[in-house]
Amino acid sequence: MNKVATSKEAILAASRTIVMERGISAVSMRSVADACSVAVGSLYNYFPSKADLLSAAVADVWRDIFHLSGDCTACDSFSSCLALLFESIREGCAKYPGFFTFHSVTFTAGDKEKGRLMMQQYFGHIKESLLCVLKNDRMVRPDAFNGSLNAENFVDIIFTLFTSMLLKEQYDYKPVLEIVARCIY
């Protein structure tokens, strides 16, 4: 029997379980309340609408998959950080089947902007972490960046390539690491 959800964290944990077992489209006020063994009305104490619950659930799954430590010294190089991130994605795809392809379609038309902003914010956090690692990577050539291509542009380009591969369900990250190595090392 499920424990009674008495916190936002417990509700989000139940939402993650639903995403793992049935996909993001199965997250609803009713399904989460059932998983938490509480009345639907109890969820409204934490989430004023289904869109708020869904946004929080999507963010929580992203966090579970993409969590990069705020400690920029955790990775010794930009390439190793990218490899770790790709590996997290691969594991996340196994843990949350179909999440990457379908999470954006679960928002209703009126809530798509909220979902987009939430995703931009979370991706911004990931890019900031990557930029921090890049700036601390002692192996980067001194002439790797200039006025036309700076570290911020480079992280943005690599992250765009990264997310494009993710949407196409391409998980072989060795070509991206080769591009990075040829550009900055």
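Serine 77 is buried, with a relative accessible area of 9%. (Buried means under 20% relative accessible area, exposed over 50%, and partly exposed in between, with a 1.4 Å probe and protein chains only.) This is a predicted model: local features need pLDDT of at least 70, side-chain atom pairs count only at pLDDT 80 or more, and totals for chains, interfaces and linings use all residues. Residues are numbered from 1 along each chain as its sequence is written, and side-chain values use heavy atoms, with hydrogens and water left out.

**Overall fold**

- The chain has nine helices and zero strands. Helices (H or I, at least four residues) and strands (E, at least two) are DSSP runs, numbered from the N terminus.
- From the N terminus on, the order of elements is α-α-α-α-α-α-α-α-α.
- Of the 185 residues in the chain, 43% count as buried.
- Among contacts with a separation of 6 or more, 71% come from residues 24 or more positions apart. Contact means heavy atoms within 4.5 Å.

- The largest nonpolar core holds 59 residues. Such a core is a set of buried Ala, Val, Leu, Ile, Met, Phe, Trp, Tyr and Cys residues joined through side-chain atoms within 4.5 Å.
- Val27, Trp62, Phe66, Phe78, Phe99, Phe100 and Leu130 have the most contacts inside this core.
- Helix H4 (residues 50-66) supplies the largest share of the core, 10 residues.
- H4 is mostly covered, with 14 of its 17 residues buried.
- From first C-alpha to last, H4 reaches 24 Å, close to the 24 Å expected at 1.5 Å a residue. The expected span is 1.5 Å times one less than the number of residues in the helix.
- Leaving aside neighbours within four places in sequence, valine 27 touches Ser15, Ile18, Val19, Val32, Lys50, Leu53, Leu54 and Ala57.

**Helix packing**

- Helix H1 (residues 8-22) packs on helix H2 (residues 29-36) at about 110°, with the axes 9 Å apart. Axes are lines fitted to C-alpha atoms, for helices over the stretch in contact, and angles run from 0 to 180 degrees between N-to-C directions.
- H1 and H2 are therefore roughly perpendicular to each other. Angles under 35 degrees count as roughly parallel, over 145 as roughly antiparallel, 65 to 115 as roughly perpendicular and the rest as oblique.
- H1 contributes Ala10, Ile11, Ala14, Ser15, Ile18 and Arg22 to the contact, and H2 contributes Ser31, Val32, Ala35 and Cys36.
- By class, the contact of H1 with H2 has seven nonpolar, two polar and one charged residues. Ala, Val, Leu, Ile, Met, Phe, Trp, Tyr, Cys and Pro count as nonpolar, Asp, Glu, Lys and Arg as charged, and the others, Gly among them, as polar.
- The axes of H4 and H5 come within 8 Å and cross at roughly 130°. That makes H4 oblique to H5.
- Asp64, Ile65 and Phe66 of H4 meet Leu85, Ser88, Ile89, Gly92 and Lys95 of H5.
- The residues of the H4 contact with H5 divide into four nonpolar, two polar and two charged.

**Single residues**

- Serine 77 sits in the loop between H4 and H5. Apart from neighbours within four places in sequence, serine 77 is in contact with Val133, Asp137 and Tyr185.
- Serine 37 lies in the loop between H2 and helix H3 (40-43). Its phi is positive, about 55°, although serine 37 is not a glycine.
- Serine 37 is partly exposed, at 34% relative accessible area.
- Arginine 90 lies in helix H5 (residues 78-95) and is partly exposed, at 42% relative accessible area.
- Arginine 90 and tyrosine 171 are 81 residues apart in sequence and 6.5 Å apart in space, C-alpha to C-alpha.
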